[in-house]
Amino acid sequence: MMISAATTTEGGASLPLDGEVDARHGPILYMEDVSVSFDGFRALNHLSLYIDDGELRCLIGPNGAGKTTLMDVITGKTKPDSGSVFFGQTIDLLELDEPAIAQAGICRKFQKPSVFDALTVFENLELALKTDKRTWPTLFHKLNSEQRDRIHDVLQTIALPAQQRQLAGALSHGQKQWLEIGMLLMQDPKVMLVDEPIAGMTHQEVERTAELLLSLQGRHSIVVVEHDMEFVRSIARKVTVLHEGSVLTEGTMDEVQNDTRVIQVYLGG
Amino acid sequence: MNLQNLTQDKTYASVLIALASVTLLIPLCNLIFPEDSALHFSAYSVSLIGKYLTFALLGLSLDMVWGYAGILVLGQGAFFALGGYAMGMYLMRQIGTRGVYGNAELPDFMVFLNWTELPWYWNGFENFGFAMLMVFLAPGLLAFVFGWLAFRSRVTGVYLSIITQALTYALLLAFFRNEMGFGGNNGLTDFKDILGFNIQSEAVRSILLLMTGLSLIGALLLCRWIVNSKLGRVVTAVRDQESRVRFLGYRVELFKLWVFVFAAMLAGLAGALYVPQVGIINPSEFSPLNSLEIVIWVAVGGRGTLYGAIIGAVLVNYAKTVLTGLMPDAWLFCLGGAFILVTLLMPDGIVGLLRRRSKPKPTLNATGGQPA
Ligand SMILES: Nc1ncnc2c1ncn2[C@@H]1O[C@H](COP(=O)(O)OP(=O)(O)O)[C@@H](O)[C@H]1O
Ligand SMILES: [Mg+2]
């Protein structure tokens, strides 16, 4: 396989867009005592979670445990009723809206693949490119050779170079997942939130995804939500189990899988 | 380049050539051939064609905001009318002492209302440059304020459409009032000169047609450039998946606002070109029905293609001229019927039919290769 961290992380133009993320004193992402309710239903219930700089964290839990809601809170889609969410020591994410959070360096892949069907694969990646996102600069934007190379690197990484001129709407489900991961790479974010990346993928594609995610840790902090235990086992150092909107337990895959509460939640419920 | 782009480019080129021919040949014919020649166009037909072209420009402006940004504006006519009023105000000031009351400063309707001085907002309109600036600024500013409020509070879909309709209706009521100082019910009319030349003369009519054609061609080229820019792609992405675009770091509301304001200014220009050719601007241009008609032109032509809006605007308005001549009462029914037919049977409009004929099976397949 041709996956390496170099093609995906070092090839790109480094642009001075990041805010000042201060992660010198530990975690890059703090969630403390966060609660979210929808019409009285608690989707997140006094949840606290800390993600270290460069860490690859897996988030598991039964359907409806609040995993997607957690990502919605971090990326500004949902504002919590209470609690605090910080990016590094200094950036209060609850004060920022979605574009500001994305520009600060927190990017996500959605559970339902969300690519732009009416645009080509190449254009999808171009839109995600980390660059000036204001209207006038966008109007006059021309790709320079460095940026073009970067897009081609990512096309290689996500195994879609032959489809670059195809409309994204014509891709298979698995390919759309990859394209969205590619868009994540184009943004070169500090934190990647990856919601159920392998749904609809072939066995081979799953293996490549695992390799890719592993190659990205260190330079990026990554939070992966997944149901597939085998997949989680293949990538995880540390696993967090979510249940009914709060953290049930945290630990290595083995610790977690032998935890009686986890077994109960998954089997007995 | 893939097949779809190629057929699109061919139609686009044909439309450009047709526009250039109309724009250049008609004034040229009138210059060369004597009045009794079969190749000489009457002042009436020159103005009629000129009017169609201003509608084409108006349709084009709606296609930018509806076809590409996905904002179904049901008040695009308001921006057209504002541009028209700005031009009308300049033309009123040109009348000078030749009005019925012979007042050098005040237009007739103000004298009639016993006003003694020009309202402050009429100042400057005696200057053509200033008036042209207002042709863009007045609709642009209204669109900016309205769009800023609407898009920032994330008003979308049907709600947005309805409030744009309400906007044009509110303006209709306001401009009807004599106290507003825009001639009330009668609007602005009885124009004499434009830049010192007799506005009724055939030469001026030809030049106005030429200006309209050139503006339309220029606008089409500009719109196409915008649509093919990265901003154009962001806007398309917003149309299809608005919230997703936010997570890529784009301020969606500002992109919508940009296109909305741009389209409003284009509509304003169309209105400014329309008024000297039809000789009047009155509040009926703000009527909600007018704005609905623009949507129908674009739907009939084919939305999201730019030239489709031009084809649709010209064809529907030609049909309107013919039909209102034959059966004046039937026009609204025909228009409604056309809209239903197009919505049900040709969702991509006339352009869609053309494309389907030139390409038997729509495929999304494309060849690889470096994007240019
Ligand atoms: N926008 C919403 N409105 C109402 N209920 C919601 C909303 N989003 C999520 N929920 C509810 O919150 C709970 C957690 O959902 P989610 O975070 O999607 O779970 P997971 O991703 O872990 O499967 C579910 O019961 C879901 O029905
Ligand atoms: Mg989920």
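Which residues does A:Ala65 touch, not counting residues up to four places away in sequence?

1. The structure under review is a predicted model. With residues up to four places away in sequence left out, A:Ala65 touches A:Leu242, A:His243 and A:Glu244. Its place in the chain is the loop between strand 3 (56-60) and helix 2 of chain A.

2. A:Ala65 has 23 other C-beta atoms within 10 Å and is therefore buried, the cut-off for that class being 20 or more. From A:Ala65 to A:Ala43 the C-alpha to C-alpha distance is 7.2 Å, while the two stand 22 residues apart in sequence.

3. Both of these alanines belong to the surroundings of ligand 1: the residues around the ligand are A:Phe38, A:Ala43, A:Gly61, A:Asn63, A:Gly64, A:Ala65, A:Gly66, A:Lys67, A:Thr68 and A:Thr69. Helix 2 (residues 67-74) of chain A provides the largest share of this shell, with 3 residues. By class, the shell holds 6 polar, 3 nonpolar and 1 charged residue.

4. Turning to the two chains, 30 residues of chain A are in contact with 28 residues of chain B. On the side of chain B that touches chain A, at least two residues each come from helix 8 (230-240), helix 9 (242-246) and helix 10 (252-278) of chain B. Helix 8 of chain B makes the largest contribution to that side, namely 7 residues.

5. The composition of the side of chain B that touches chain A may also be noted: 13 residues are nonpolar, 9 are polar and 6 are charged.

Technical notes. Residues numbered from 1 in each chain as written. Chains lettered and ligands numbered in written order. Predicted model: local features only at pLDDT ≥ 70, side-chain atom pairs only at ≥ 80, totals over all residues. Near = placed C-beta within 6 Å. Helix = DSSP H or I, 4+ residues; strand = E, 2+ residues; numbered from the N terminus. Nonpolar A, V, L, I, M, F, W, Y, C, P; charged D, E, K, R; others polar. Contact = placed C-beta atoms within 7 Å. Buried ≥ 20, exposed ≤ 12 C-beta atoms within 10 Å, placed from the backbone.
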